[in-house]
Number of protein chains: 8
Amino acid sequence: MNRILLAGTIALALTSAASAEVLKENNMPLDIAVELAQGAVSTCAADGYNVSAAVVDRAGVVRALLRADNAGPHTVSAASQKAFTSVSARIPTSVMVENIQKNQGAAQLVAIDGFLVLAGGVPVKIGKETIGAIGVGGAPGGHLDEACANAAIAKVQDQLK
Amino acid sequence: MNRILLAGTIALALTSAASAEVLKENNMPLDIAVELAQGAVSTCAADGYNVSAAVVDRAGVVRALLRADNAGPHTVSAASQKAFTSVSARIPTSVMVENIQKNQGAAQLVAIDGFLVLAGGVPVKIGKETIGAIGVGGAPGGHLDEACANAAIAKVQDQLK
Amino acid sequence: MNRILLAGTIALALTSAASAEVLKENNMPLDIAVELAQGAVSTCAADGYNVSAAVVDRAGVVRALLRADNAGPHTVSAASQKAFTSVSARIPTSVMVENIQKNQGAAQLVAIDGFLVLAGGVPVKIGKETIGAIGVGGAPGGHLDEACANAAIAKVQDQLK
Amino acid sequence: MNRILLAGTIALALTSAASAEVLKENNMPLDIAVELAQGAVSTCAADGYNVSAAVVDRAGVVRALLRADNAGPHTVSAASQKAFTSVSARIPTSVMVENIQKNQGAAQLVAIDGFLVLAGGVPVKIGKETIGAIGVGGAPGGHLDEACANAAIAKVQDQLK
Amino acid sequence: MNRILLAGTIALALTSAASAEVLKENNMPLDIAVELAQGAVSTCAADGYNVSAAVVDRAGVVRALLRADNAGPHTVSAASQKAFTSVSARIPTSVMVENIQKNQGAAQLVAIDGFLVLAGGVPVKIGKETIGAIGVGGAPGGHLDEACANAAIAKVQDQLK
Amino acid sequence: MNRILLAGTIALALTSAASAEVLKENNMPLDIAVELAQGAVSTCAADGYNVSAAVVDRAGVVRALLRADNAGPHTVSAASQKAFTSVSARIPTSVMVENIQKNQGAAQLVAIDGFLVLAGGVPVKIGKETIGAIGVGGAPGGHLDEACANAAIAKVQDQLK
Amino acid sequence: MNRILLAGTIALALTSAASAEVLKENNMPLDIAVELAQGAVSTCAADGYNVSAAVVDRAGVVRALLRADNAGPHTVSAASQKAFTSVSARIPTSVMVENIQKNQGAAQLVAIDGFLVLAGGVPVKIGKETIGAIGVGGAPGGHLDEACANAAIAKVQDQLK
Amino acid sequence: MNRILLAGTIALALTSAASAEVLKENNMPLDIAVELAQGAVSTCAADGYNVSAAVVDRAGVVRALLRADNAGPHTVSAASQKAFTSVSARIPTSVMVENIQKNQGAAQLVAIDGFLVLAGGVPVKIGKETIGAIGVGGAPGGHLDEACANAAIAKVQDQLK
């Protein structure tokens with residue numbers, strides 16, 4: 001049991017210390033998050049649907065969450081999980097739904113912690129960089145939730161730079 | 001029950017759409033995370049302690065986690081939770097321990113999801129900006145864990161810019 | 001990093017402060033909840049089934065829960081989750097089961113926190129307003145659970161006003 | 001084992017069916033919830049604190065949640081749990097902290113599911129009826145969080161009727 | 001690695017197969033459980049307290065749970081956990097609270113899964129055999145919760161045989 | 001808000017207090033539980049399979065659990081959950097698997113808390129009364145796990161009276 | 001109720017105390033774990049995929065975990081769970097995916113605690129003895145994750161003795 | 001965003017590939033685990049205490065678990081958690097209790113996942129190498145649980161080599 005000595009010899013050296021650079025990232029601000037959540041809730045309300053809308057930052061942590069009057073209690077976690085799923089996978093959850101239907105070997109994506117693979121989660125991007133996502137839940141069909149999410153993103157598109 | 005109409009009138013307008021700017025943030029890269037984790041594990045090993053070291057990014061998500069041979073299974077979550085606690089509170093967990101001892105009204109900080117208020121978690125900063133944290137668990141005393149964390153940060157200090 | 005100043009400029013103004021009205025809602029009382037739970041347990045008992053029956057308020061929180069002698073331990077959570085699912089979706093869980101069978105894209109509804117998409121959960125309504133739900137579990141088939149739930153609702157129908 | 005017959009004899013009769021009345025309740029609307037959350041975030045921002053503010057309805061389910069830029073990830077659950085704790089206990093969490101300090105027999109209140117007994121949660125009332133609560137987390141001291149919560153409530157006070 | 005062969009040699013023989021007798025136990029029926037829960041809710045209501053009352057069987061599984069109008073959502077789990085704690089420990093939770101105050105080495109009893117060590121949980125016994133327990137939560141003090149639990153037990157005492 | 005008065009009028013009277021009888025139940029003793037677990041582990045070992053075997057009482061709480069050398073860590077919860085599922089549903093889990101394959105409307109049985117619907121869980125009965133169950137996990141196929149469970153039950157059959 | 005006396009008669013004697021031998025096992029060291037995790041992350045990076053790689057010991061506890069820059073937050077648990085699944089089942093998760101597709105009766109394997117049945121988890125073996133596993137998550141397809149895992153194992157193959 | 005190229009340059013080289021040796025470990029076999037669990041249950045039974053006894057391997061995974069007739073349901077997790085805590089910390093839980101009483105800065109050890117810091121958990125060692133642990137729960141005092149654990153270890157001491 002000379003593991004302590006052995007452990008002392010671990011030398012996970014970077015080839016060059018100079019090569020390690022801090023990441024420079026864009027991230028979702030509260031201001032845009034609120035516009036997104038409000039845009040989705042009001043778009044869905046105009047269509048007659050009471051929904052929750054959650055906006056997460058690039059790490060999947062909630063920035064803004066609004067639940068319409070009469071939206072059921074489950075919409076809080078449904079919206080949050082759709083947003084988390086979408087920001088982490090970098091694609092709309094509706095695309096993930098399609099992928100699973102084509103490839104049963106991917107079916108267990110749905111078992112990943114925090115994932116909810118239902119249409120209604122859409123990433124928010126600057127160019128190719130995902131800076132957050134919006135998730136919507138409560139309309140009678142994921143495609144309706146997604147339409148509200150997309151409408152909300154369209155309204156803030158010119159601020160995503 | 002005319003809530004749907006009412007919901008349509010929510011207008012959470014930003015005073016000026018132009019004021020919403022995307023956040024520009026620094027974040028922990030994998031390269032430095034590995035150096036930090038390795039530095040803490042090897043420093044503690046040199047002192048005869050088998051520990052786990054976890055490095056998280058600014059959102060508290062793990063970037064690197066190493067568990068020394070013979071470090072107990074609980075050290076995985078202990079190290080991770082100390083890192084999460086420290087990055088989210090922006091201060092070393094040892095300071096939080098002191099604060100609770102001075103102010104019993106703060107004792108329930110420990111009940112926050114994911115928090116572990118034991119010495120051994122230290123934020124990693126560029127100036128005043130917290131870009132991540134390192135948590136260490138497994139030494140026979142939190143101050144010993146913290147010493148290994150601090151030694152690891154000292155080694156990468158010149159890359160934090 | 002002048003986010004603090006920026007945050008000071010958030011102005012999520014309602015178009016008119018006067019438009020914000022407190023919601024006036026109907027909700028499930030304990031008295032009716034007990035009648036519902038008892039009605040379901042006794043109806044199922046008359047059919048030879050030992051079940052649990054849970055009644056939740058409009059937010060999905062339990063008001064009354066009864067478990068028949070010899071009903072298995074899993075029926076407590078099964079009944080509660082069916083009631084939660086139904087009150088939050090505003091439709092019987094049997095309809096949700098059918099919807100999923102028609103539309104595989106909705107299959108992951110079942111992954112929402114607290115949801116159990118098995119027949120046996122039925123909303124309790126005053127007109128179009130859902131004020132709670134009853135969930136039944138333990139009969140050898142969800143349609144049998146649902147029949148007991150419906151029988152219980154029928155008995156209290158004239159009090160739902 | 002003649003329990004099935006016995007179960008058939010349960011007769012939990014209400015003394016008078018006529019006495020069972022549906023509850024008439026006031027509840028937190030989204031509009032006021034947003035004003036409250038925004039009020040707390042901006043008040044704290046003016047004081048230099050980056051916080052999350054969560055507003056829940058009378059059942060403890062989130063209506064609105066905003067996280068300021070640079071507020072740590074733990075503030076999301078801290079704010080939500082303070083709001084839940086306060087709305088369910090009908091008193092400010094700061095009062096619960098005091099009660100526990102006076103009466104150690106109450107210390108385990110903190111072990112109740114979803115409870116976080118730290119100052120910063122305040123009920124929102126119409127007269128004596130609690131219709132929701134606001135929870136704030138992220139300032140360097142619960143009394144500072146509470147001050148932002150109280151300031152937010154003061155701004156909407158005339159709408160609480 | 002000849003473990004499979006070795007495993008074949010395990011012979012956990014009972015000294016005498018004849019000595020293994022099936023347990024003959026008394027257990028809480030639904031009928032008495034409902035009387036107990038109703039007794040506690042109505043006693044507390046008469047004192048002006050809105051509470052939840054949970055009755056569990058000897059294994060700690062819920063038999064009956066009633067939540068009074070206006071009792072907060074946390075009382076559901078508080079009552080259930082007090083009942084579980086009391087039935088499993090075979091003593092009132094108020095006694096456990098006292099024991100912890102006398103013996104700090106027992107303080108971590110509170111960390112056991114499902115335990116809530118607050119006054120208000122009382123075992124229901126036939127002679128020395130614990131057949132279930134009642135837990136009450138929501139009154140402004142555990143001793144008040146306990147008084148309602150005891151009053152409810154007194155009413156059914158003559159049926160406990 | 002005169003709910004407190006109203007609550008005072010709840011009168012869930014049993015038709016006759018005399019009709020409430022304490023349940024007389026048979027339950028799994030430790031002695032037989034150990035024989036069952038050992039029987040399943042050794043039968044599977046003789047077939048070359050390293051398994052865990054869990055025996056639960058009639059409420060689904062573990063009485064005995066044995067994990068063979070080289071049985072993977074997941075077998076502990078797999079065996080326990082199969083036993084819980086089987087004791088609560090009163091039928092072998094293999095029958096539940098078949099039922100789900102015939103009736104897709106029952107597919108979500110698998111989402112019930114603590115359920116694992118894989119062959120290998122078998123109830124232990126005295127006549128028609130279920131007094132416990134055994135669950136086995138780790139063989140390369142649920143039917144193989146079930147065979148070991150059945151062999152173990154056969155060995156103790158004459159004690160089940 | 002003479003169970004205490006009865007319990008005293010339990011005598012689970014081993015046929016021969018001499019037959020009980022302590023297990024001699026090989027296990028994954030930190031050094032090889034780091035090589036494996038780094039090999040998988042860098043192989044995937046060369047292919048343009050940002051992944052997490054987790055290496056667990058024979059009991060399924062994490063030894064090393066690395067998350068590439070830009071790999072989503074879900075990859076941490078996805079990689080860890082694939083590794084756990086593979087080490088406990090002793091086969092690649094891709095084989096489990098195939099088995100489930102052939103045998104619907106095995107579909108609920110996916111419901112076992114900690115299991116994630118998606119390609120990308122591969123056991124690490126010395127001869128027939130599984131000493132750990134590697135799990136990879138984040139590439140756009142489980143077969144791509146698995147390729148990186150296999151490449152990493154190939155690099156350390158000669159040390160596995 | 002040239003992180004992919006950068007990631008390609010990670011070179012966590014071990015100083016010498018030859019230095020990475022697979023760990024050679026001793027571990028708890030089922031045979032001894034059963035003897036230990038039985039020894040603790042029967043010793044406590046002789047003293048009049050109904051307990052659960054859990055034996056874990058060196059990674060903290062259960063090998064054997066026995067619950068005495070009339071031991072409460074909470075003793076299953078209490079015994080298991082004490083064993084996990086002790087094997088991972090390498091010391092008896094009674095020593096951890098003392099350490100916390102001396103050093104309040106260590107109080108939050110109790111918040112580590114899976115830990116239960118109550119007397120009754122004792123490591124099982126071969127020389128200085130911890131190969132498992134036994135945890136006992138259910139006696140009216142942790143020191144009584146610990147005495148049963150120690151008695152059980154004494155009986156198998158000569159096999160620990």
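What percentage of the 161 residues in chain A is buried? Buried residues make up 68% of them, where buried means under 20% relative accessible area, exposed over 50% and partly exposed in between, with a 1.4 Å probe and protein chains only.

## Basis

This is a predicted model, in which local features need pLDDT of at least 70 and side-chain atom pairs count only at pLDDT 80 or more, while totals for chains, interfaces and linings use all residues. Residues are numbered from 1 along each chain as its sequence is written, chains are lettered from A and ligands numbered from 1 in the order in which they are written, and side-chain values use heavy atoms, with hydrogens and water left out.

## Chain A

Chain A has 5 helices and 5 strands, in the order α-β-α-β-β-α-α-β-β-α from the N terminus. Helices (H or I, at least four residues) and strands (E, at least two) are DSSP runs, numbered from the N terminus. Of the contacts in chain A between residues at least 6 apart in sequence, 65% join residues at least 24 apart; a contact means heavy atoms within 4.5 Å.

## Helices α2 and α5 of chain A

The axes of α2(A) (residues 30–46) and α5(A) (residues 142–156) come within 8 Å and cross at roughly 135 degrees. Axes are lines fitted to C-alpha atoms, for helices over the stretch in contact, and angles run from 0 to 180 degrees between N-to-C directions. The two helices are therefore oblique to each other: under 35 degrees counts as roughly parallel, over 145 as roughly antiparallel, 65 to 115 as roughly perpendicular and the rest as oblique.

Residues in this contact include Leu36(A), Gly39(A) and Thr43(A) of α2(A), and Leu144(A), Cys148(A) and Ala152(A) of α5(A).

## Helix α4 of chain H

In α4(H) (residues 93–102), the buried residues are Thr93(H), Ser94(H), Met96(H), Val97(H) and Ile100(H). They line one face of the helix, because they fall within an arc of 160 degrees seen down its axis; the arc is that of the directions from the helix axis to the C-beta atoms. These buried residues pack against α3 (74–89), β4 (121–126) and α5 (142–156) of chain H.

## Positive phi in chain D

Asn70(D), in the loop between β3 (62–67) and α3 (74–89) of chain D, has a phi near 75 degrees, a positive value in a residue other than glycine. Asn70(D) counts as partly exposed, at 23% relative accessibility.

Arg90(D), also not a glycine, has a positive phi of about 70 degrees. Arg90(D) lies in the loop between α3 and α4 (93–102) of chain D and is partly exposed, with a relative accessible area of 22%.
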